[in-house]
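The tour below goes from one selection to the next and says what is to be found at each stop.

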There are 2 protein chains.
Amino acid sequence: MKTFDEITTIVNQEIAKLNWSKEPRGLYEPIGYVLSLCGKRIRPALTLMACNLFTDDIQPAIAPALGIEVFHNFTLLHDDIMDKAPLRRGKPTVHIKWNDNTAILSGDVMQIAAYQLIAQTPEKYLKEVLTIFSDTATEICEGQQYDVDFEQRNDVTAEEYLEMIRLKTAVLLGCAMQTGAITGGAKPEDARELYLFGIHIGLAFQLKDDLLDVYGNELTFGKKIGGDILCNKKTYLLIQALNVAKGENLEQLKYWLANNSGNPEKKISAVTELYNILGAKKICEDKMSFFYEKAIANLEKISIDKNKKQELRKLAEKLMSRND
Amino acid sequence: MKTFDEITTIVNQEIAKLNWSKEPRGLYEPIGYVLSLCGKRIRPALTLMACNLFTDDIQPAIAPALGIEVFHNFTLLHDDIMDKAPLRRGKPTVHIKWNDNTAILSGDVMQIAAYQLIAQTPEKYLKEVLTIFSDTATEICEGQQYDVDFEQRNDVTAEEYLEMIRLKTAVLLGCAMQTGAITGGAKPEDARELYLFGIHIGLAFQLKDDLLDVYGNELTFGKKIGGDILCNKKTYLLIQALNVAKGENLEQLKYWLANNSGNPEKKISAVTELYNILGAKKICEDKMSFFYEKAIANLEKISIDKNKKQELRKLAEKLMSRND
């Protein structure tokens, strides 16, 4: 069994081997750039760890793991255009460093590159891996569309929000786990439980992100704290605060939602204070724990030796207690 | 053997069966829209015709043929954003009718939908079809990048231009032919000749497009005549005119290239007149015929009964003599 750190080293080595020094430079240079920004690379690590639960030979999982990571980075490229985001991992986004057209076209070729990596899955698993990958990729686009649609709506329910983050974030973690399981030769029921483990970890992961955006430390989080509050993003915190708020608190919350031009620091601290008073932080933390427990239950059901599950359990804990 | 018209009827029926009435509407509605604009649908027709050369059962070619058409339409969606094109087939483009973000995201999910159709290729041909499809898709993005790069350059050679249109346009026709051949059970050497037939027809097809843009009839062509001239697009006509021009003619050509703000009709007629004087039209027509003859030579090499090649030959002739 490899540790998470050993797996991450392999992932980093394999990503470094991908060749983006090709012509035309304008097409491939931005891909090398975005992949060099060194995100957490959780998804390919999950694929290799899931594979490693069932076999010591993780080689068959490497190409699809990389495909999943390249696909994830492609979605960041296009999402950043749509969100007009200036920074990603503290560096200028591709559409800022180059331009929108470059970000569109380099993203398109990344999506194809992702499929080329997926296509290197050993032939006996190819059809199954390809199907789950395409289904997942479609769901991610649907999640992004719901996210865009929600900006125009004031009646988004908690259930709708959770379904949106399931599509936009969680399914790719599920796909990463399932792909690892399949290429590791897992039984279908174990692959299914690992898919659900990924889904539940993904949901908890996104709720943690929502919490960090408000309660995180700017230095470790790497993003400006309160960004979601400033753009009135309908996060789980805001939706639940609106659900719970009554009387004066509700008026205050509505006042700040309508106030987009005043002092940003004032808005952030006022809304954060309301989240605290209304118990929205607690509701969000409880929901996060709920999904975390579900993930652990999925992991426990897998028909392999308990000791082999330790690394994934440790990683799940780490993701929940992270500060960045 | 089915005729081209019979094949087109099948293509239209199969495209109509694709279901885009799904949620979220904002994601899928633009796809139904762009596919309803009814382009020529040459690519899926070529796939089915290529398959039909080797077998009466064209069923295995249908899903990949549709995948190729969906992919082609995805590239139009994204190219139209990059080119800021207001119209496509006489109707508002998706980024105009909706917005840029919609065109990006609906395009992304179309690319995945294309792969889902390709993935329905019978399993014994899947790996081969998937490889050629991804390689082709990558080349198309490279061609688009060169096209964008060429806008900033004044020293594009005829060879560079031909390589750009090979990537941007011809390889997908080659891929369409080869995919049909593979799913029809063709021998590798026949599949290869049909790929080259597609490449050569594609090159001739694009040169015909360049000619129609200057010498076409606005009513039948469906686009404004002289559009390439107005935006100084480095077409084969312009590159060859610049190659041949000397003295006063060269001065005149340079004058009009530098003149972007005067009367558009005046610029179009002056540059067209220069193309005529310089023999650029003839050079372009000769190159088109050169590729057409190469395509016919590829077709002749295929090891099947001569009569079976008649429909493809007729289609090639039709594409060369078209007015739209």
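Begin by selecting Pro24(A), which lies in the loop between helix H1 (4–17) and helix H2 (25–36) of chain A; helices here are DSSP runs of H or I with at least four residues, strands are runs of E with at least two, and both are numbered from the N terminus. This is a predicted model, in which local features need pLDDT of at least 70 and side-chain atom pairs count only at pLDDT 80 or more, while totals for chains, interfaces and linings use all residues. Residues are numbered from 1 along each chain as its sequence is written, and chains are lettered from A and ligands numbered from 1 in the order in which they are written.

Display the backbone at this point, and you will find that the peptide bond from Glu23(A) to Pro24(A) is cis, with omega near -5 degrees. Now move to chain B, where Pro24(B) is placed in the loop between helix H1 (4–17) and H2, and where a cis peptide bond with omega of about -10 degrees joins Glu23(B) and Pro24(B).

**Two residues with positive phi**

Return to chain A and select Arg41(A), in the loop between H2 and helix H3 (42–52). Arg41(A) is not a glycine, yet its phi is positive, at about 55 degrees. Arg41(A) has 19 other C-beta atoms within 10 Å and is partly exposed (buried means 20 or more such atoms within 10 Å, exposed 12 or fewer, and partly exposed in between, with C-beta atoms placed from the backbone).

Next select Asn232(A), which sits in the loop between helix H11 (227–230) and helix H12 (236–244) of chain A. Asn232(A) is likewise a non-glycine residue with a positive phi of about 55 degrees, and with 17 C-beta neighbours inside 10 Å it counts as partly exposed.

In chain B, select Asp228(B), which belongs to helix H11 (residues 227–230). Is Asp228(B) buried or exposed? With 20 C-beta neighbours inside 10 Å, Asp228(B) counts as buried. Leaving aside residues up to four places away in sequence, Asp228(B) touches Asp210(B), Asp213(B), Val214(B), Lys233(B) and Thr235(B), where contact requires C-beta atoms, placed from the backbone, to lie within 7 Å.

**A pair of crossing helices**

Select helix H12 (residues 236–244) and helix H14 (residues 264–278) of chain B together; their axes come within 10 Å and cross at roughly 60 degrees. In the contact between them, Leu237(B), Ala241(B) and Val244(B) of H12(B) meet Leu274(B), Tyr275(B) and Leu278(B) of H14(B).

**Where the chains meet**

Finally, show both chains, and colour the 31 residues of chain B that are in contact with 30 residues of chain A. On the side of chain B that touches chain A, helix H2 (25–36), helix H4 (59–82), helix H6 (100–118) and helix H7 (123–151) of chain B each supply at least two residues, and H7(B) gives the most, with 15 residues. Because 97% of the interface residues of chain B are also interface residues in chain A, the copies meet through the same surface.

Key: Two residues are in contact if their C-beta atoms, placed from the backbone, lie within 7 Å. Axes are lines fitted to C-alpha atoms, for helices over the stretch in contact, and angles run from 0 to 180 degrees between N-to-C directions.
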